[in-house]
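Below are some notes for a colleague who is meeting this structure for the first time.

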Amino acid sequence: MNEEGLDLLIQAGRIAARVKERAYSLVKEGVRLIEICEAVETMIESEGGRPAFPCNVCVDEVAAHYSPLPNDQSTVPPNALVKIDLGVHLDGYIVDTAISVSLSKEKQSLVSTAEEALRAAVKFIRAGTRIGEIGAVIQSTIQKAGFKPIRNLTGHEISRYNLHGGASIPNVAIPDPRRVAKGAVYAIEPFVSFANAAGSVVNADLSTIFMLDIKKVPVAKLKPDEKALVEYIAENFKGLPYSPRWLRGSKIPEILSVHERLVKTGRIHKYPVLVEKTRQPVAQAECTVYVEEDGCKVLT
Ligand code: MN
Ligand code: MN
């Protein structure tokens, strides 16, 4: 990454940090999830950034990948544990960060533990740290608190216009001898559930976030309305994940049914909603770090 790239990344991080601070107060019983989500995305835009992916608003056992669809009516239930996961990019330089807010005293301990595991991992990371050992630090912090990490959700390396570019950063000890590199960017994101949970997530029968890799789509073979939509998505989201809510700006008729057709035929990639296997509540904490010689800089 050149100096200009790093500068944009730092700016994106400052925007994400400001939006995150203001997001806590959005979570109240009875508020519609789509209101929280759109408020976050609007804040990102008004701070001069672009959302790097649709804002995720996940409740209780929904661990990740839920971003309200157009006309979503669901609200924050009583005693909910709500996760808000947001991304900001400036010219493709992406940061990714998340908070959890608990309206229940019991679930608050999951939130504090996720935050503690994140702090421990951040303190541990420097150029040359083994990836598997980061997972070990996260796992032991969570288990010492009496809880369980979600083993099949991970942090990830981030590169330009690529949210999941490169290595995954595990939340449990694994024998991965690779090392984090100086100058690399990683999202670290521990997920925590109760000790009697499965400690893993499964796909729900619903997807709310999508991604188009234009290089993999035979554009010439598409029907005219499909071609128009594919070109709209490629131009506006540049390979980054998007929400069907964001398609409303295009003038393509019957756009959501054209979109559905492209998803069904596999031309557009879908990210299924991820739910804890035993339907136990899950807390998440996440920040993006820039790795340096003797530590790492928290960007968000
Ligand atoms: Mn995230
Ligand atoms: Mn992430």
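1. A salt bridge here is a side-chain nitrogen of Lys or Arg within 4 Å of a carboxyl oxygen of Asp or Glu. By that rule, Glu-38, Glu-41, Arg-245 and Arg-248 are linked in a network of salt bridges, and within it the side chains of Arg-245 and Glu-41 meet with N and O 2.8 Å apart.

2. The model is a predicted one, in which local features need pLDDT of at least 70 and side-chain atom pairs count only at pLDDT 80 or more, while totals for chains, interfaces and linings use all residues. Residues are numbered from 1 along each chain as its sequence is written, chains are lettered from A and ligands numbered from 1 in the order in which they are written, and side-chain values use heavy atoms, with hydrogens and water left out.

3. The domain assignment, whose bounds come from an automatic or database source, gives domain 1 as 3-204 + 274-298 and domain 2 as 208-273. The C-alpha centres of the two domains lie 26 Å apart, and 29 residues of domain 1 are in contact with 16 residues of domain 2, contact meaning heavy atoms within 4.5 Å.

4. Between them, domain 1 and domain 2 bury about 1,700 Å², with 65% of it on carbon and sulfur atoms; buried area is the accessible area (1.4 Å probe) that two parts lose on being put together, summed over both. Three salt bridges are found across this interface. On the side of domain 1 that touches domain 2, the elements giving two or more residues are α2, β1, β2 (62-64), β10 (201-211) and β11 (269-276), and the largest share, seven residues, comes from β1.

5. Helices (H or I, at least four residues) and strands (E, at least two) are DSSP runs, numbered from the N terminus. Helix α2 has 14 residues (33-46), and its end C-alpha atoms are 20 Å apart, which agrees with the 20 Å it should span at 1.5 Å a residue; the expected span is 1.5 Å times one less than the number of residues. Just after α2, Gly-48 takes a positive phi of about 95 degrees.

6. Buried means under 20% relative accessible area, exposed over 50%, and partly exposed in between (1.4 Å probe, protein chains only). The buried residues of α2 include Leu-33, Cys-37, Val-40 and Glu-41, and what covers the buried residues of this helix includes α1 (3-23), β1 (50-59) and β3 (81-90). Those of α1, among them Leu-8, Ala-12 and Lys-20, pack against α2, β3, β4 (93-102) and β8 (185-188).

7. A search of the whole structure finds 17 salt bridges. In one of them, Arg-18 pairs with Glu-47, the closest N and O atoms being 2.8 Å apart; this pair links distant parts of the chain, with Arg-18 in helix α1 and Glu-47 in the loop between α2 and β1, 29 residues apart. Arg-18 is partly exposed at 41% relative accessible area, and Glu-47 is also partly exposed, at 23%.

8. Which side chains meet at 3.7 Å, N to O? They are Glu-260 and Lys-264, which are four residues apart in helix α6 (residues 255-264) and therefore separated by about one helical turn. Glu-260 counts as partly exposed at 47% relative accessibility, whereas Lys-264 is exposed at 70%.
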